[in-house]
Amino acid sequence: MSKTQEYIALEDSYGAHNYHPLDVVVSRADGVWVWDVDGNKYMDFLAAYSAVNQGHCHPRLVKVMAEQMCRVALTSRAFRNDQLGPFCKEVCELAGYARMLPMNTGAEAVETAVKAARKWGYTVKGIADNQAEIIVFAGNFHGRTTTIVSFSSDEDYRFGFGPFTPGFRILPYGDLDAVKLAMNPNVCAVLVEPIQGEAGIVAPPEGFLAGLRELTTEHNSLLVCDEIQSGLGRTGRLFAFEHENVRPDIVIIGKALSGGMYPVSAILADDEVMGVFKPGEHGSTFGGNPLGAAVAREALRVLVEEGMVERSAELGDYFMKRLRAISSPHVELIRGKGLWIGIVLNEAAGGARRFCEALQRDGLLCKETHETVIRVAPPLTITRDEIDWAVDLMARVLMAP
Ligand SMILES: *Cc1c(COP(=O)(O)O)cnc(C)c1O
């Protein structure tokens, strides 16, 4: 048995079977590259769902992480620590919001946004008790907690997990008329991914976000953007909502906020919204801890100082052009923004999984989404030469029968 097979056997025997990963067992990583336990080298085209935008084991992040964990890792919010204040200030100044509330995982930050929006609905907007509604969209992915899967439109995410949290209304993604019709005085918020990542890197029709901004303003509701995957440079802007020049009332961030070193998430908002939380009403033992705060501060500095947002825009365009030049009988279309690209296969292609497995054999790790889309989301540190290497390989695999 190869080492790879041994590790897979262990995981299969003792781990819960709640994932269907590619059969690669990673033991080391550096930048865009990862190595498996048998010494094979791969380029990482998933970047942990965009959590490692800054590249694996970025030396600046490794250094800060090591230094901070030797000083102090966790205080809980019962005490203060010397990293949280600077972290709040730096994120707020970068993103242009008044306040930040730190959590750990993305799902927790989404939950935080849901609680903030509801409480704002009751205490500021004046919605009657327990009547608040949040509008969400089909194809959404916002995480896996029971409340969040309550408004998923994917049966796999929901089946067997009810009873569900009420108060959510699912509308077709991109359909402004449906939102217009659904708007009513009980709507406290519209929660949206500016581009749906897990759905297959699906951008809504142009003007959708701007339209949501207008409708929410007109009906005194909050616009909440989940930028956990689309944010922090992935689409060639710091936030994907910038492509439509809107400013949401709540921004949810996570994943690349820590460069993949440690779970750090947050919501950003101004005083009117963030002011709804009083001491004791929300929190987390690890949220805002000094280790996470220190590494997130450095992860944001790395993102800005190394020009990763601009790189994503420029290299994303180049990548897309090169991919579109491949003439493959299997490809229906190629879509995306920045270094976030979906290769959509046609019906006859027989699913994306077999292509991901072929790419893996040749040294490129891609993960399919929704059966027919090959997702391309490398670390934003990828170079033009590395893109050329990958495109040549992809062309070979996509042009084979
Ligand atoms: C990954 C993701 C989440 C959930 O984040 P976790 O850290 O996995 O809980 C929520 N929303 C979006 C858009 C995501 O991509």
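Predicted model: local features only at pLDDT ≥ 70, side-chain atom pairs only at ≥ 80, totals over all residues.
Helix 3 and helix 11 are roughly antiparallel to each other, because their crossing angle lies over 145 degrees.

**Stop 1: helix 3 and helix 11.** Select residues 59–71 for helix 3 and residues 290–305 for helix 11. The two axes come within 9 Å and cross at roughly 160°. The crossing of helix 3 and helix 11 is right-handed.

**Stop 2: from helix 11 to helix 4.** Next, select R297 and E90. These two residues form a salt bridge, with the closest N and O atoms 2.7 Å apart. This pair links distant parts of the chain, since R297 belongs to helix 11 and E90 to helix 4, 207 residues apart. R297 has a relative accessible area of 15% and is therefore buried, whereas E90, at 28%, counts as partly exposed.

**Stop 3: within helix 4.** Remain on helix 4, residues 84–95, and select K89 and E93. A salt bridge joins K89 to E93, its closest N and O atoms being 3.2 Å apart. K89 and E93 are four residues apart in this helix, so about one helical turn separates them. Are K89 and E93 buried or exposed? Both K89 and E93 are exposed.

**Stop 4: helix 12 and helix 14.** Select R322 and D392, whose side chains meet in a salt bridge of 3.3 Å, N to O. R322 lies in helix 12 (residues 308–324) and D392 in helix 14 (residues 384–399), so that the pair links distant parts of the chain, 70 residues apart. R322 is partly exposed at 27% relative accessibility, and D392 is partly exposed at 40%. The count for the model comes to 18 salt bridges.

**Stop 5: strand 4.** Move to R99, which lies in strand 4, residues 99–103. With a relative accessibility of 45%, R99 counts as partly exposed.

**Stop 6: a nonpolar surface patch.** Finally, select Y7, L10 and Y14. These residues make a nonpolar surface patch of about 400 Å². L10 lies in helix 1, which spans residues 3–14, and is partly exposed, with a relative accessible area of 48%.

Key
Residues numbered from 1 in each chain as written. Heavy atoms only, no water. Patch = residues over 30% accessible without salt bridge, like charges linked within 9 Å, V, L, I, M, F, W, Y side chains within 5 Å. Areas by Shrake-Rupley, 256 points an atom, 1.4 Å probe, with all protein chains shown as cover. Salt bridge = Lys/Arg side-chain N within 4 Å of Asp/Glu carboxyl O. Helix = DSSP H or I, 4+ residues; strand = E, 2+ residues; numbered from the N terminus. Buried < 20%, exposed > 50% of the residue type's maximum accessible area, 1.4 Å probe, protein only. Axes fitted to C-alpha atoms, helices over the stretch in contact; angles between N-to-C directions. Parallel < 35°, antiparallel > 145°, perpendicular 65-115°, else oblique. Left-handed = near helix turned anticlockwise from the far one by under 90°.
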